[in-house]
Amino acid sequence: MALNLDLESYLTPIKLATAALVVSAIALTRRRDPYEDIPTVGSSNPIWSYIDGFRFLSAAPHQKEGIFRIPTPIGWIVVLAGTKHIDELRTKRGEELSASAAMRQVTSGDYTFGAEIFDKPYNVPLVRTKLTRYIGAFFDNTRDEVMLTCDELLPSETDSNWKAVSTHSVCQLITGRAANRSYITDPSIYRDPGYLRVMMSFAKSAIQGGTILRFFPDFVKPIIAPIVTNVPASINTATRYLSKTIESRMKNYEKYGSDYPEKEDDMLSWFIDLVDQEDRNLRHLIMCILHVNAAAINTTSMSMYAALNALASHPEYIEPLREEIQSVVADYGWSKVSMGRMQKLDSFLMEAMRFCPPTVLTSPRLAMVDYVFSNGIRLPKDALVAVPTIARHMDDEVFPNAKTFDGFRFCKPQSATDDRGDSVNRAGTSASSKLTTLSSDYLLFGLGEHACPGRFFAANLIKLTISHMLMTYDIKLDPTCPPSGRYVTADFQPSPKDVLLFRKKETV
Ligand code: HEM
């Protein structure tokens, strides 16, 4: 056998493979960048670009209109700025821009929150309809829980000694206990510190772990997920607390159906009634409770934290707010109706959260198809888009003197219609100025069909807590420890070291 021939026949495939590699490398470098229509924001340095991009979003709105992209270590985020584009995202259906697919991707949802939660999001209709309708019926219990938690954590003496209290812990505990009292009517569960700890930490760990998982290929994610998240541990702990209750309620359901004597009227029972037969099992119901807590606790407690810090930083609002609360409660008592009548409080909370929404980007959506915006800009399939909260909230054209804190900006008397043509209600307040009203200007609760369904529940709880605190305690900043929470990349991180000073208010 001639050596030459052998070499020839051996080299041919190598040559062919090399040629193929060179051709594909050239093709790759020449391939059209699918994002080429969309300008980039931030440094071109790959490490700083990520930080730069989010810094850009949490600072002043340099770019108020248009579409731009920011790099992250796990891909681009396309940001839609300005009314026209935000409205475009608001009206798009899930077949084009999907909220659920975006959350599933961003959180590596199949390995963190669980695929079942995305396949069948039972919590969305339950929160939107039943929980929201029950706010009035649950009001007295919710108030009782807020008051009890305050009694335990805040000072009981009306002396001159102010007590320093961790702002974030108070807000988390009040939210966790009050919300879970509506989910499971058993105080030995919803007041248990271990149960509350797992409900409060699940979302954070799932989201952080989900971000790490995005660096890995799909086939290793199931192996790595238990290492980088505490999801299995959270499920085990939640099972320890909930299994007896859930199993006994499922037994009752099997025996009597959805209507039986002394049935508990709470979120857990509603889940058992609502889910499909194949999902009526311990694990699925535990995931439902974990998930509804994940959506509710951090967002609500962070907004409460922003409101308390705003009160302590702007003490001139305390007396006018107390006067409003006193007068509304004198007319309507402590009730859901009275919470709706406190327009100054509503405005103050809106303003606090305008300055400090939980994230700099909201309403994430995943492009399910190649999508062309009305201005001709092309968004490739699988691109992640979102809208900027702070940039919008700090835009002087949207909110005059946007960088000035004006606690009553949303309840100022106006003419019959405001400058955006919105109708004006009897109190002379723009009908669009309510905390829970969705708009392309005020993005706290997101946009469109996937806007937060828990916003009425959250607004009621925050108003109830702040009005109770204002009527029961004096609150002020600790001059040695000013609020130091800040945005870390996209999310606001309250500082665990932050304290506010409280003392029991003297009754007149
Ligand atoms: C101040 C407190 C809260 C804030 C700031 C907040 C904010 C948000 C935002 C921005 C979204 C995404 C909207 C979008 O994609 O356009 C959302 C979704 C959601 N929120 Fe809230 N939220 C709060 C409280 C709650 C509470 C208390 C619950 C439940 C009791 C809840 C349940 C949900 C659910 C289930 C979704 C998903 C909706 C869907 O996919 O259709 N949220 N929330």
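**Exercise 1.** Determine how helix 7 and helix 19 are oriented to each other in this predicted model.

*Solution.* Step 1: the axes of helix 7 (residues 135-153) and helix 19 (residues 455-472) come within 10 Å and cross at roughly 45°. Axes are lines fitted to C-alpha atoms, for helices over the stretch in contact, with angles from 0 to 180 degrees between N-to-C directions. Helices (H or I, at least four residues) and strands (E, at least two) are DSSP runs, numbered from the N terminus. Residues are numbered from 1 along each chain as its sequence is written. Local features need pLDDT of at least 70, side-chain atom pairs count only at pLDDT 80 or more, and totals for chains, interfaces and linings use all residues.

Step 1: helix 7 is therefore oblique to helix 19. Angles under 35 degrees count as roughly parallel, over 145 as roughly antiparallel, 65 to 115 as roughly perpendicular and the rest as oblique.

**Exercise 2.** Find the residues nearest the ligand, and the element that gives the most to its shell.

Step 1: helix 6 (123-133), helix 14 (282-313), strand 5 (361-367) and helix 19 each give two or more residues. Helix 14 gives the most, with six.

**Exercise 3.** Decide whether Asn-309 is buried or exposed.

*Solution.* Step 1: Asn-309 lies in helix 14.

Step 1: Asn-309 counts as buried because it has 23 C-beta neighbours inside 10 Å. The cut-offs are 20 or more other C-beta atoms within 10 Å for buried, 12 or fewer for exposed, and partly exposed in between, with C-beta atoms placed from the backbone.
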